[in-house]
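Okay, thanks everyone for coming. Let me put the structure up, and then I'll walk through a few spots.

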Amino acid sequence: MKGISGKIVGVVVVVVIIIAAVTVIELNQRPHTSTPSNVTSPTNTTTSTVPPTTSNVTITVVTFSGQSAQFIQYAGQLFHEEHPNVYVQVIQFPFSEYINKELTALEAHSTQYDIIGFTSTSAQRVSPYLLPLNDFNLSGLIGPQEDFGGVIYNVSTGKEETVGVVYETAVYLMAFRNSIFYNQTLAQEFQSQYHVSFNPLTWQNWTDVIMADQFLTSNHVTQYGFLIDDHVSHGIIDAFPAVYGWYYARDSSVSGSTTGGVPGFNIMFTGFIPNGMKFPVTSFNSTAGAMALATYANLVKYEPSPSQLQISYDNLPEFVPQSAGAFLFTSQLSYLNSSVAQDISLSPLPGGYAETGTDFLGVSQYSTHPQIAEQFLQFLVSPQIQELGFLKFGKFPASQQAFQDLINNGSIPPYQREWLNATYHAALNAWANPPNIPPTYISLISDFNSQVYNYLTGQNTNATQVLQTAAEQWMTSVESYYGA
């Protein structure tokens, strides 16, 4: 989950595609990439209309430090060049501090910040202080990316509200190594033994992944199978929903035949609100959840034992050269050196879906220049600026038109255009998300992760009991927040 979303600073030798993540993922700063000389940047930007002003106006943006903030500041300079009386200033705080800094100002009704940065996980913590953006032109943006954090479900009114604008794309999907899975000798051996195609693009269930893990490690082709995050502090809440999504979608008793569940609560809760209740109930303490947990544990068996070394957002890329591939947020690709990166292809999760997690900007209801602030946000997500975000900062765009233009840009290396294409299509079908209601970061993540970690490390081998304990803790937190 952007919730999630992690941000770490790094440098890559060539343009390596960086896709910001929230959630999930959201505890790191994304690395910087520069535009190589052989890549063509758009020659035009975009023209926006702002209210006429004869005095100087400064629009202040507050967000977490890192590559995303640099992109926003760059766009702010371009906006200033079109509107000389308007300046954009980006205030950055470390990721661990920025939400508290924002909330302190917002709770005091301070006018110091016009635009508020947040991730999907923190969306509903800041949403009471944001202006509704229901008239904002979102038509060109990727819907699932906008919905997971930009659109919230208001329990009091029973309606959805737009509170933020997504300005980059991040998805959790499958990365696999071409040198392994396009090896015809290995493919023939695998198909002969398991009677399943060796091509990850064809896999329709998680059993295919586990069979590939078993085949590659037992034949000493790779030391590890497909890597998956099992870090107790945050990673489990990103990895489990990715696996659970397959089972959730196929069990109408928990999904209610919906895709993605109730906005804000998402797939870890039922896709319907039971009669007499204000909100859905947990869905993972079910047969579907128990099967997903068993599958998740089987995947973890083919990587370092979590009791000794936990795979996390930070260290996962280090192990990719010794593995079959990984389930990751595409922002993690930026850690790979160029030779490894060129050996990576991307695929949706088995069965053709994905998880999302990205970052947003909203307009403070205490801004003294809300109309200009909103115009800047419209400028930021215009196709031309979104293209520049990728070319200069490695930020996958939220604009569908920018994606298409970049995919068709022949000066971008072929493997990167393949990543763009795969990411774009996965982003359109990304719904297997953890919750992003207000209690999520306060209690839900720690409650769930600690219980599942006990299961992964053998401290509690009863999957049903583990999930039921977590579910009871979740419902206590939710009922306490919203009222029973």
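Before the first stop, one cut-off: a residue counts as buried when its relative accessible area is under 20%. Also, keep in mind that what you're looking at is a predicted model.

So, first stop, tyrosine 366. Buried or exposed? Its relative accessible area is 16%, so tyrosine 366 is buried. You'll find tyrosine 366 in the loop between strand S12 (359-363) and helix H13 (370-380). What does tyrosine 366 touch, leaving aside neighbours within four places in sequence? The contacts are Leu106, His109, Ser110, Thr111 and Tyr129. Take the serine from that list: tyrosine 366 and serine 110 are 256 residues apart in sequence, yet C-alpha to C-alpha they are 6.5 Å apart in space.

In general, most residues other than glycine have a negative phi. Histidine 109 isn't a glycine, but has a positive phi of about 60°. Histidine 109 lies in the loop between helix H2 (95-107) and S3. With 49% relative accessibility, histidine 109 counts as partly exposed.

Histidine 195 lies in the loop between helix H6 (184-194) and helix H7 (206-218). Here the relative accessible area is 68%, so histidine 195 is exposed.

H6 and H7 sit at an angle of about 115°, with their axes 11 Å apart. The crossing of H6 past H7 is right-handed. On the H6 side you've got Leu186, Glu189, Phe190, Gln193 and Tyr194, and they meet Asp208, Met211, Ala212, Gln214 and Phe215 in H7.

At 1% relative accessibility, threonine 119 is buried. Its C-alpha is 9.7 Å from that of phenylalanine 64, which is 55 residues away along the chain.

Now the aromatics. By the ring-pair rule, there are 41 aromatic pairs in this model. Let me pick one: phenylalanine 265 and tyrosine 482 have ring centres 5.9 Å apart and planes at 40°, so we call the pair tilted. Why does this pair tie together parts that are 217 residues apart in sequence? Because phenylalanine 265 lies in the loop between helix H9 (252-255) and helix H10 (287-300), while tyrosine 482 lies in helix H18 (residues 463-482). Phenylalanine 265 is buried at 1% relative accessibility, and tyrosine 482 counts as buried at 16%.

Both belong to one aromatic cluster, whose members include Phe240, Tyr244, Tyr248, Phe269, Tyr296 and Trp474.

How do H8 and H10 cross? The axes of helix H8 (residues 235-249) and H10 come within 9 Å and cross at roughly 120°. The two helices are therefore oblique to each other, and the crossing is right-handed. Among the contact residues are Phe240 and Tyr244 of H8, along with Tyr296 of H10. While you're in that part of the sequence, have a look at arginine 250, which lies over the face of tryptophan 246, at 4.0 Å from the ring centre.

Last stop, helix H16. Its partner is helix H15 (residues 400-407), and the axes come within 9 Å and cross at roughly 155°. H15 and H16 are therefore roughly antiparallel, and this crossing is left-handed. In H15, Gln400, Phe403, Gln404, Leu406 and Ile407 meet a set in H16 that includes Arg417, Leu420 and Tyr424.

Also in H16 (residues 414-428) is alanine 426. Alanine 426 counts as buried, at 3% relative accessibility. What does alanine 426 touch, not counting residues up to four places away in sequence? The answer is Val171, Leu173 and Ala354.

How values were computed:
Residues are numbered from 1 along each chain as its sequence is written. This is a predicted model: local features need pLDDT of at least 70, side-chain atom pairs count only at pLDDT 80 or more; totals for chains, interfaces and linings use all residues. Side-chain values use heavy atoms; hydrogens and water are left out. Rings of Phe, Tyr and Trp (its six-membered ring) pair if their centres lie within 6.5 Å; planes under 30 degrees apart count as stacked, over 60 as edge-to-face and the rest as tilted. Helices (H or I, at least four residues) and strands (E, at least two) are DSSP runs, numbered from the N terminus. Buried means under 20% relative accessible area, exposed over 50%, partly exposed in between (1.4 Å probe, protein chains only). A charge sits over a ring if NZ of Lys or CZ of Arg is within 6 Å of the ring centre and within 35 degrees of the ring normal. Axes are lines fitted to C-alpha atoms, for helices over the stretch in contact, and angles run from 0 to 180 degrees between N-to-C directions. Angles under 35 degrees count as roughly parallel, over 145 as roughly antiparallel, 65 to 115 as roughly perpendicular and the rest as oblique. A crossing is left-handed if the near helix is turned anticlockwise from the far one by less than a right angle, and right-handed if clockwise. Contact means heavy atoms within 4.5 Å.
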